[in-house]
Amino acid sequence: MNLDFTLEYQEFRAEVRDFLETHKDSAPRMSDRGVRSEKRRAWQKILLEHGYAARTLPKEYGGHGAAPDALKSRIIAEEFSRAKMPGGISGQGINMLVPTLLELGTEEQKQKYIEPTLTGEMVWCQGYSEPGAGSDLAALRTSAVLEGDHFVVNGQKIWTSTAAQADMIFCLVRTEPDAPKHQGISYLLFSMDTPGIEVRPLMTMTGQAEFNEVFFTDVRVPADQIVGQRGEGWMVANATLTHERGMLGDPDAALSRLNSIAEIMQKETVDGAPLMDNAVFRDRLIALQAEVFAMKFNGMRLTTSATQKKSGGMAGMIVKLQGCELNHRLAELAIDVMGEYGILFEDSPFIRDHGMWQTAYMFDLGLIIGGGSAQIQKNIISERGLEMPREPKVAKK
Amino acid sequence: MYFGLSEDQIMLQDSVRRFLEAQSELEHVRVYAEGDDALAGQLQNGLMELGVPLVFIPEAQGGLGMGVLEAALIQEMLGRFVAPSAFTPAYGMAVAGLNVGTNADQRNVWLGRIVGGDVVMGVGVTEAVGAREGAGLTLSAGAVSGRASFVMGAETATHFLLAAGDALVIIDRAADGVTETALTTIDKTRKTIMLDLENVTCDVLEGSAQPAVETMINVGRVLLAADSFGAAEMMLQKAVAYAKDREQFNRPIASFQAVKHMCADMAARLEPCRSLLWYAAYAQDNVPEEGPLMACMAKSHISEVGKFIARTATEVHGGMGFTDLMGLHYWFKRIGFNRQLLGGPEKTRHDAAVLQGFSN
Ligand SMILES: Cc1cc2nc3c(=O)[nH]c(=O)nc-3n(C[C@H](O)[C@H](O)[C@H](O)COP(=O)(O)OP(=O)(O)OC[C@H]3O[C@@H](n4cnc5c(N)ncnc54)[C@H](O)[C@@H]3O)c2cc1C
C-alpha cells in the first residue's frame with residue numbers, strides 16, 4: 001500500500017484543478033445531459049483540446065494521444081467530481097462504439113466515425129435488444145440479406161436509447177440464418193436517415209422517452225459498413241459489452257450522492273429537528289457509507305490492477321451488480337428522509353434538487369435491468385468467477 | 001499510488017496460511033473446542049516460531065515493527081482457519097495500547113517481557129465501549145476494584161491490560177483479589193472471562209490513557225473485522241466446493257441457479273470488504289485522521305456481510321451445514337462472536353456518526 005502520489009501525479013492533479021478553476025464558467029450544469037446541447041458540445045471541445053476527454057485515443061482520430069495511465073484517468077475523474085463539474089460526453093457512441101472500432105474497425109471506419117463521435121457531432125444508438133432477444137441477445141432475429149453490394153435489413157429493435165436523436169446506429173443483425181445462433185450475427189453501422197427506418201419513442205416510468213422501438217423495412221446498408229467479418233458480430237458485440245459494464249456502477253457517483261444525502265439530512269428538519277437527529281435514518285446513512293467506501297477502495301484496487309496491466313478478477317466482475325444496486329439504495333434513502341417532500345416530481349413547487357432523487361430512483365432500476373441484468377451478472381460471477389457449472393441446456397421440443 | 005499488498009506482505013500472509021493449513025484442520029479445532037489446551041499451546045508455539053507475536057511490536061523493543069495491516073493479514077488467516085489464538089488481544093490490542101499509553105520505561109519493560117515470552121497480555125476494554133450490568137473498574141491508591149466483563153485473551157494471559165475509568169492499568173492474573181468467572185460463549189475457539197477485582201495491586205500506566213484505550217479499540221475492531229473476513233471467505237469457498245460436489249436431481253447442485261446466485265451474492269458482497277479491510281488497517285498507521293472512522297466502517301460492514309455469508313453458506317450445505325459433523329458452525333460462531341465484541345454494527349455505526357459530527 002502506498003497511497004501517496006509521486007510528484008508527477010501531484011503536479012498533474014494541480015494542473016487539472018487549475019484547468020477546472022479557469023474554465024468553470026464554460027461548464028454546463030451537471031444535469032445538462034441533452035445529446036444536442038450546444039453548451040455540452042462546446043465544453044467537449046475544450047475538454048478534447050486539453051486532453052480531459054478521449055485522453056488516450058490516438059491523435060489521428062481526434063484523441064489526445066496520451067499514453068494510457070489509469071492513475072491520471074482516476075485523478076481526472078476525482079477532480080471533476082470534486083469540483084461538481086461534468087466530464088466529457090459519455091454515451092454509447094463514445095463509450096462502446098469507439099473502443100470497438102479502434103479494436104476491430106477498418107482504417108476507413110476509424111477515419112470516418114471516431115472524430116465526429118468524440119466531438120459530439122455524431123450521435124449513436126445501440127441496436128441490440130429485440131422483443132424476443134433481451135438477456136438472450138444471441139436469439140436476435142433482425143435479418144440482413146446481401147443483395148449485390150448492400151445488406152437489406154428487416155426487423156425490429158427495442159429499448160434503443162437515444163434512437164430518436166441519433167444520427168447513426170451500431171446494430172446487430174442475423175446474416176447467416178442457418179448457422180448456430182452465436183455464429184450467424186453481424187455488426188453493421190448505418191445512418192438513422194436511411195429510408196425504411198421508423199423510430200417510435202417509448203415513454204418510460206420516469207416520464208421521459210429514454211428509449212425507443214426501431215423498425216426496419218428493407219433498409220439498404222452498404223456492405224462495407226460491417227465491423228469485423230460476416231458472422232463475427234457476436235464477438236464484436238462482446239468487445240463492446242465489456243466497455244458498457246465498465247461505465248455502469250461508478251463509485252465516484254455513489255460517493256457524491258452519499259455526501260448530498262448527508263447535507264440534506266443536516267439541513268432539513270422535521271418537527272424542528274434536523275433529519276440527522278433521527279437515529280434510524282442516521283444508521284441507514286452510515287451503513288450505506290461503509291458500502292460506498294468499500295466500493296471506492298475496490299475501485300482504487302482496480303486502478304492499481306489496471307496500472308499493472310493485470311485483470312481485476314472478482315473485484316472487477318462485481319462492480320456493475322454492486323455499484324448499480326448501491327446507487328439505487330442511496331436514492332431510496334434520499335427519498336425516505338425527505339418524507340412527503342420526497343414524492344414531489346417534475347416541476348412541482350417545493351421540489352428538492354430539481355427532482356433528481358425520484359428520477360434517479362427510477363432510472364437506476366433501469367440500469368439494474370439494462371446492460372446485463374442483475375441476474376445475468378450473478379450468472380457471470382458464479383460461472384466465470386466461482387467456476388460453477390452452467391445451467392444444463394433444455395432439449396428443444 | 002499503489003493500492004494493494006506488497007510482496008513482503010503477501011509472503012507473510014502465505015507463510016501463516018501454510019502453517020495453519022497444516023495445523024488447524026477441523027479435527028484440531030474440534031479437539032481444542034472440547035477443552036484440550038495442550039493442542040492450543042502447540043499451535044501457539046508454532047505461531048511463535050513463525051514470529052507472529054512479534055510482528056506488531058516495535059523494533060526498539062525487539063519486535064518486527066510492522067503495522068496494523070500486517071497484523072490484519074495474519075488475523076485474516078487465523079479467522080480463515082478458525083485458529084484458537086489470542087492474537088487480537090495479546091499481540092494486537094495490548095501492543096497498541098502499550099505503544100501509546102505508557103512512558104518509555106514502562107513501554108520497554110512490558111513490551112520487552114512480551115517479547116521475552118514471560119508475559120502474555122489479556123485485555124479488558126469492554127466498558128470503554130459500553131458498560132452493561134453496571135460493570136466497570138475504579139482505581140484508588142494504586143489498586144483497582146470492580147468488574148471488567150468480556151475480557152479477551154483469557155486462554156493465554158498471564159497479565160491483563162485493563163481500562164479503569166480514565167486510567168489504563170496492568171494486573172497480574174495471579175494477584176490477590178482477582179476472581180475469574182469463565183464465560184461460555186458460542187465460540188469455543190476463543191476464551192473470554194469476567195474479572196472481579198477487589199483492591200488488586202496494579203501498574204498504572206503513565207501515559208494518556210484515553211487515546212491509548214481508543215487506539216486499542218480501533219486496532220481491535222480492525223482485527224475482529226479481519227478475522228470475520230477470513231472466516232467468511234473460507235465459508236464461501238467451502239459452500240462453492242460443496243455445491244460442485246453434491247448431486248441432486250442427477251446434477252451437481254452448483255448447476256442450480258438458485259444455488260449459483262446465493263454464491264454470487266456472497267462473492268459480490270465479500271469482495272469489496274477486502275479493499276475496505278486493507279484500507280482500514282492501513283489507515284491506522286498511515287492516515288491517522290481517518291483511522292477511528294475506518295475501524296468503525298470495517299467492523300460494522302464486515303460484521304453485516306459476515307453474518308449474511310455465515311447463514312447463506314450454511315444454507316448451501318443443506319442439512320449437512322447444520323450438523324456438527326461438517327464443522328461449518330465453528331466459522332458461523334466465530335463470525336457471530338466477532339460481531340458483538342468491541343461494539344456491534346449499530347454501536348460502531350453510531351461511533352462513526354459521532355466521529356463525523358453527525359451525532360453527539
Ligand atoms: C434504461 C435501459 C436502457 C436500455 N438501452 C438499450 C439500448 O440502448 N440498446 C439496446 O439494445 N438495449 C437496451 N436496453 C435493453 C437491455 O439490454 C435489456 O432490457 C436487458 O438486456 C434485459 O432484456 P429484457 O428487457 O428483454 O429482459 P428479459 O431478458 O426478458 O429479462 C426479464 C427478467 O428475467 C431475468 N432473466 C433472463 N434471463 C435469465 C437467465 N438466464 N437467468 C436468470 N434470470 C434471467 C432477467 O434478469 C430479468 O429479471 C436498455 C434497457 C434499459 C432498462
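So, the ligand: 19 residues sit around it, and the ones that come nearest are A:Gln126, A:Ser135, A:Trp159, A:Ser373 and A:Gln375. Keep in mind that this is a predicted model. As for where the ligand is, look between chains A and B.

What kinds of residues make up the shell around the ligand, by class? There are five nonpolar ones, 14 polar ones and no charged ones. Some of that shell comes from named pieces of chain A: strand 3 (150-161), helix 11 (356-369) and helix 12 (374-385) each supply at least two residues.

Okay, now zoom in on the ligand's oxygen atoms. With A:Ser135, a ligand oxygen is 2.7 Å from an N or O atom in the side chain. A:Gln375 also uses its side chain: an N or O atom there is 2.7 Å from an oxygen atom of the ligand. For A:Ser129 it's the backbone instead, where a polar atom lies 2.7 Å from a ligand oxygen. And how much of the ligand does the protein bury? Taken alone, the ligand exposes 970 Å², and the protein buries 67% of that.

Searching the whole structure gives 17 aromatic pairs over all chains. Let's take one of them, A:Phe293 and A:Phe297: the ring centres are 6.0 Å apart and the planes are at 10 degrees, so we call the pair stacked. If you're wondering about the cut-off, planes under 30 degrees apart count as stacked.

One aromatic cluster takes in A:Phe293 and A:Phe297 along with B:Phe3, B:Trp278, B:Tyr279 and B:Tyr282.

A:Arg13 lies over the face of A:Phe5, 5.0 Å from the ring centre. Then there's A:Lys72, whose charged end sits over the ring of A:Phe12, at 5.1 Å from the centre.

Next, a bit of backbone. Most residues other than glycine have a negative phi. Which way does A:Asp218 go, positive or negative? Positive: its phi is near 45 degrees, and it isn't a glycine. You'll find A:Asp218 in strand 7 of chain A. Its relative accessible area is 47%, so A:Asp218 is partly exposed.

A:Asp271 has a positive phi as well, about 50 degrees, although it's not a glycine either. This one is in a loop of chain A, between strand 9 (269-270) and strand 10 (273-274). Is A:Asp271 buried or exposed? Its relative accessibility is 83%, so A:Asp271 counts as exposed.

Last stop, A:Gly207. Look for it in the loop of chain A that runs between strand 6 (197-202) and strand 7 (211-222). A:Gly207 has 40% relative accessibility, so it counts as partly exposed. If you want a sense of distance, compare A:Gly207 with A:Lys39: they're 168 residues apart along the chain, and their C-alpha atoms are separated by 24 Å.

Technical notes: Residues numbered from 1 in each chain as written. Chains lettered and ligands numbered in written order. Predicted model: local features only at pLDDT ≥ 70, side-chain atom pairs only at ≥ 80, totals over all residues. Heavy atoms only, no water. Phe/Tyr/Trp six-rings, centres within 6.5 Å; stacked < 30°, edge-to-face > 60°. Lys NZ or Arg CZ within 6 Å of the ring centre and 35° of its normal. Near = heavy atom within 4 Å. Polar contact = N/O pair within 3.5 Å; in protein donor to acceptor, adjacent residues only side chain to side chain. Areas by Shrake-Rupley, 256 points an atom, 1.4 Å probe, with all protein chains shown as cover. Helix = DSSP H or I, 4+ residues; strand = E, 2+ residues; numbered from the N terminus. Nonpolar A, V, L, I, M, F, W, Y, C, P; charged D, E, K, R; others polar. Buried < 20%, exposed > 50% of the residue type's maximum accessible area, 1.4 Å probe, protein only.
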